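Colleague: Could you walk me through how to read a model like this one? I'd like the general idea for each feature and then the case at hand.

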There are 2 protein chains.
Amino acid sequence: MTERLGSVFIENVQPELDSGRYAIKRVAGESLTVRADIFKEGHDVLVAVARWRQVTPAAQKTDWAEVPLTFKNNDAWEGSIPLANNGRYEFTIEAWPDLFRTWAHELKRKVDAGRDVKSELLEGAALLEGAAARAKGRSAEDHRVLAEAGARLRTPPTPDHLLVALSPDLADAASRHPDRTLACKYDKVLEVFADREKARNAAWYEFFPRSAKRDGKTHGTFKDAQGWLPYVQKLGFDTVYLPPIHPIGRTARKGKNNSLRAQPGDVGSPWAIGAAEGGHKAVHPELGTLQDFRAFVDAAKAHGIEVALDLAFQCSPDHPYVKEHPEWFQHRPDGTIKTAENPPKRYEDIVNFDWMGPARDALWKELKSVVLHWVDNGVRTFRVDNPHTKPMQFWHWLIREVQDLHPDVLFLSEAFTRPKVMKALAKVGFTQSYTYFTWRLFKDELRTYLEEITSPPVSDYFRGNLWPNTPDILPENLQNAGPGAFRLRVALASTLSSVWGMYSGYELCEGRPVPGKEEYLDSEKYQLVAWDWDRPGNISDWIARLNAVRKAHPALQQYQGLRFFESDNDRVVFYGKRSPDGLSTVLVAVSLDPYAPQEALLHVPMQWLGVNAEETYQVHELMADQRSLWQGPDVQVRLTPEQPAAIWAVYRYRRTEHAFDYFE
Amino acid sequence: MTERLGSVFIENVQPELDSGRYAIKRVAGESLTVRADIFKEGHDVLVAVARWRQVTPAAQKTDWAEVPLTFKNNDAWEGSIPLANNGRYEFTIEAWPDLFRTWAHELKRKVDAGRDVKSELLEGAALLEGAAARAKGRSAEDHRVLAEAGARLRTPPTPDHLLVALSPDLADAASRHPDRTLACKYDKVLEVFADREKARNAAWYEFFPRSAKRDGKTHGTFKDAQGWLPYVQKLGFDTVYLPPIHPIGRTARKGKNNSLRAQPGDVGSPWAIGAAEGGHKAVHPELGTLQDFRAFVDAAKAHGIEVALDLAFQCSPDHPYVKEHPEWFQHRPDGTIKTAENPPKRYEDIVNFDWMGPARDALWKELKSVVLHWVDNGVRTFRVDNPHTKPMQFWHWLIREVQDLHPDVLFLSEAFTRPKVMKALAKVGFTQSYTYFTWRLFKDELRTYLEEITSPPVSDYFRGNLWPNTPDILPENLQNAGPGAFRLRVALASTLSSVWGMYSGYELCEGRPVPGKEEYLDSEKYQLVAWDWDRPGNISDWIARLNAVRKAHPALQQYQGLRFFESDNDRVVFYGKRSPDGLSTVLVAVSLDPYAPQEALLHVPMQWLGVNAEETYQVHELMADQRSLWQGPDVQVRLTPEQPAAIWAVYRYRRTEHAFDYFE
């Protein structure tokens, strides 16, 4: 509160998440647009700034800097904070009355009304003298200008005095040296975390390296898995995510198709982590050594691919932790260790940590060291298994601790649970989140859900990574379905969000379920699989094309700003995106019918495109590589199970002096 | 944060104003519905309560009490805090896991899945023993029941054990003694101020007591003004608001029609407060004595009318403060005192306080004593003149100080300024606010504006008091207009909001402007006026009828919950209101055309009324006192300049066993 001049109000600050309890997310290289309502009783001219600094990583910590906020309308102000680097920032707002401008403004009105302003000029002199004193030592030039003008206004008035007093340059000089003791500070310091770009823009491919021999019989190794990389690269993915790569427990190991008793040679679930050979920091011997893993990471990098690991914070009963730190686990009253269960489901091959028990501090510290171990071995992206069954404050603590040291580390939350719990995980720090996309099949539900997660306030902290399938989920719509279903769902996933992923086999249209369940038959979670990349009916080309289109068109690399438009057919969804610089614009139409061709009259959003009704504009349909000239809003489209999506890059003709040019 | 069991999240608490910086407004006798999203990772059964206490007035201060919150859906919880008394309350939220119910729930699932639960029963025993220990000294019965059940579960298991463990009564007993060390507390304590009912439901009539002789020549007194009360009562108003009643300055006194030079005998503006006879605590000698004022207040009360005073915190140059406390005023560099101005307007008869100057503390204290002086003399309602030209924090402080002692004091903010400044005044404490209603004439703008101010979040702190005119404002639509314009605007004001007011003369359709301005010709601000209550063309009966309808129908006494409905004619607006108990429902149609009859097809909101399409329902049109039976949603209405509004009380026929009854 300013004590002398009344109260500047700073309200409705945006973005602000839960009164500032959690950080807003952005991407390094973006700027953060800050908005606030700023006002004061009376008619004072106000000045407002956003103050900001980078706080992590420690090496890049900066001092507080300021950017101006500009008055927009209705007491709303706006400004832009540059987030050049990957790391955590703080920002807040400060505003103060510009005494000299206020005075000059009033003076002008009095002069216009024909008043004698002799006394007012003396007030102005005092304000200039104050500003001159503050300018001293900061700007010799400003000091001189302000002091001279102040002295001038103290001399007997001449008409010339008004020219001096009302000079815009003088007002600028006075504004440069405000009396900041009058400033009102917003009562909160807010946080924004600037991720590296992959947080927002990535295409994930999940595969089990143990299947890399692709014969369904011989255990694959990291060396074999290197052979998978050119294929993944050809498909256009930039991230491969591996299920846990650690030694797998033998006690109560699950057999094929999740059977209770493993047969000799059954490989077990990689999520039953830990055996005599080691735990979360070790590599499953059948996959190779830590050295082999690092070589795989390097090979991936050479293919333009990043390796993401699974963080499944649970143990097989054979995990070394169980013997070394029994105090880290939940026990029954009879002293035996508890196995995981969610009745009627039971996971006899898994035991749970006692997250909030008496040994909590040591346990958390160890788990943090697990993350840092893999960071040290070249991993910067983690897919976190079932985070919603562990305490939120653990994740809040862990992610902050890790990102304070390594701001480039990304965490994907694999939570399929209640909406507010999924959002809370994003708030406490997860970079990306799995979503309900997997089960959103129809036009209205797709639109409602995607609009929610790609618009503020949700998009300020939640980034939905869209997966049409996972090793755990073969959704009904893909069960025993033809390639049409696989084509359309992958088109939606890769264009509705800028981050998407799929589990290998999708490109082969693998869709055999355990009857009555949303699970794969002969699930790779429990056995090796012989993937035939050339399997007839595969849609590898379609997926490669989608990823190539994404890579070439910045509009599809944006998470925010998805807009849905009208189509007159409920089975055809129509939407668009644009890059922040406005140079890349795409329109997308996808048929939701995997079985039959669908026609639709699309209503092209002329105003959103910035195209006049009588203007001709060029579109380039990228999936079939066809260019057309369009005019007006009505476009008829026909989509088929073979070609269920159209993606148009929109180019506008710009009338120049001599000819028609166009630009994207 | 709970330290042992993970994190209960308490989010999205409603109502909450600006992170709890300001109090929510309600009315004593209402209850405060509190909503929050409450959840925790995992599957724990949660318990949540709202904690509340009354904090002012001191004599009614209470201890913290608790009301349960109930799970609604999607992790949203809701409960209700009773606000029995007039005063300030605090509330917050607390939630914790119900360990025994969580355990019982899991136990049931395990038993259903055919598990051996021997070990689980021992866990249950431990939970019951903990609850029994906490019950000790609080409930002997609960202690016994819990201890016995705990002991029972430690004996060798029999099928009977499950009956004990899963007994709902046992769970209730355990829930009554929770381990509150596990509770998560919402991190803010929020405030709600419960006003007395007149804050929400009142009809104001403003008149100048000095005109009470009604001959335009002789200065009226408070005694004369008593003669005005039966008339005001007949018109149905419950509040009379008097412009300032203090001695009026002589220096630079304004003459008739705001002329710069007063003529001998000119009475001056009552807002030029203070003369040799006294200042803000004194009574203008020509009106009478303080005793006379008190007698007037008593006489008003006998007519069911409350007296509201004007708080105009400014002075005539003759105010005793000016001599006694020059340090309270703004001075020019030459030492002279500043007169008020808003160039090109100049108020030579008024000087302004130096609100934030060095003598601020003494000044503020004195102004508070002015309010308390009038409170001591029977005044409980103040209309505050131009509050937006004084510091917000002064009002924040003043209103809180006064209401801490006298929670029944109401403050009406007379600010016509930018929207956010008007709202900020309401946030810092003003009970009611003037609005832009005066200039909202057409259907869409009326709807947009009234929906905004009568719905949360605005209605949680802002109560719009609708005035079609004031002594300062004769809006263009009423200038030289016929009675039709006056009838329709008063019908809107008195039914769109539960608080409304008008300045005398309105009922006589006084509409002579200063040409080109929104001001009255021969304004009563500067002269005595000879009001003829029987003037031909007056609409007193219309106004009296409106106020009578308001009094008889609780729906019209509600500020929140205004709903607009469809009418097919842009010049006919159609809306409705309902009392919280659902027993009073009204529909209102008002023609916005003062000149010609208008017909409209109204679309009655059957679902909102709770009436089926085939059901017959009775309506009672209250302005013309006509009953009809309606069926279905289509109603044709004809409104005329003579009868521009229809107000229907809606009665539903209820099918009973033997006959059709109806109820309102």
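Modeller: Gladly, and let's start with a term: a salt bridge is a side-chain nitrogen of Lys or Arg within 4 Å of a carboxyl oxygen of Asp or Glu. Here Asp142(A) forms one with Arg176(A), their closest N and O atoms being 2.9 Å apart. Asp142(A) sits in helix α3 and Arg176(A) in the loop between α5 and β8 (184-185) of chain A, so the pair ties together parts that are 34 residues apart in sequence. Helices (H or I, at least four residues) and strands (E, at least two) are DSSP runs, numbered from the N terminus.

Colleague: What ground rules apply to the numbering and the values?

Modeller: This is a predicted model, in which local features need pLDDT of at least 70 and side-chain atom pairs count only at pLDDT 80 or more, while totals for chains, interfaces and linings use all residues. Residues are numbered from 1 along each chain as its sequence is written, chains are lettered from A and ligands numbered from 1 in the order in which they are written, and side-chain values use heavy atoms, with hydrogens and water left out.

Colleague: Are Asp142(A) and Arg176(A) buried or partly exposed?

Modeller: Buried means under 20% relative accessible area, exposed over 50%, and partly exposed in between (1.4 Å probe, protein chains only). Asp142(A) has a relative accessible area of 7% and is therefore buried, whereas Arg176(A), at 45%, counts as partly exposed. The pair of Arg512(A) and Glu510(A) also meets in a salt bridge (3.0 Å, N to O). Arg512(A) is partly exposed at 37%, and Glu510(A) is buried at 5%.

Colleague: How many salt bridges does the structure hold over all chains, and which residues are linked in a network?

Modeller: As background, side chains of opposite charge can pair when their charged atoms come close. The structure holds 116 salt bridges over all chains. Arg51(A), Glu66(A), Glu94(A), Arg180(A) and Lys185(A) are linked in a network of them.

Colleague: Now the interface. How much area do chain A and chain B bury between them?

Modeller: The size of an interface is often given as the accessible area lost when the parts come together. Buried area is the accessible area (1.4 Å probe) that two parts lose on being put together, summed over both. For chain A and chain B that is about 4,800 Å², with 44% of it on carbon and sulfur atoms. In chain A, Arg115(A), Pro343(A) and Lys420(A) lose the most area to chain B, together 14% of what that side buries. The contact (heavy atoms within 4.5 Å) takes 60 residues from chain A and 60 residues from chain B.

Colleague: How many salt bridges does the rule find across that interface?

Modeller: It finds 16 between chain A and chain B. In one of these, Glu341(B) and Lys110(A) meet through their side chains at 3.4 Å, N to O. Another is formed by Glu11(B) and Lys427(A), with the closest N and O atoms 2.9 Å apart. Glu11(B) lies in strand β1 (residues 8-14) of chain B and Lys427(A) in helix α12 of chain A, so this pair joins two chains. Glu11(B) counts as buried at 6% relative accessibility, and Lys427(A) as buried at 8%.

Colleague: I'd also like to read a helix. Which residues of α5(A) are buried?

Modeller: An α-helix has 3.6 residues a turn, so residues three or four places apart point the same way. In helix α5 (residues 168-175) of chain A, the buried residues are Leu170(A), Ala171(A), Ala173(A) and Ala174(A). Seen down the axis of α5(A), they fall within an arc of 160 degrees, so they line one face of the helix. That arc is taken over the directions from the helix axis to the C-beta atoms. The face turned away from the buried side of α5(A) carries the exposed residues Pro168(A) and Asp169(A). The cover over the buried residues of α5(A) includes α1, α2, α3 (140-154) and α4 (160-165) of chain A.

Colleague: And a strand residue, such as Phe411(A)? What does Phe411(A) touch?

Modeller: Phe411(A) lies in strand β16 (residues 410-414) of chain A and is buried, with a relative accessible area of 1%. Leaving out residues up to four places away in sequence, Phe411(A) touches several residues, including Leu311(A), Val371(A), Phe382(A), Ile399(A) and Phe430(A).
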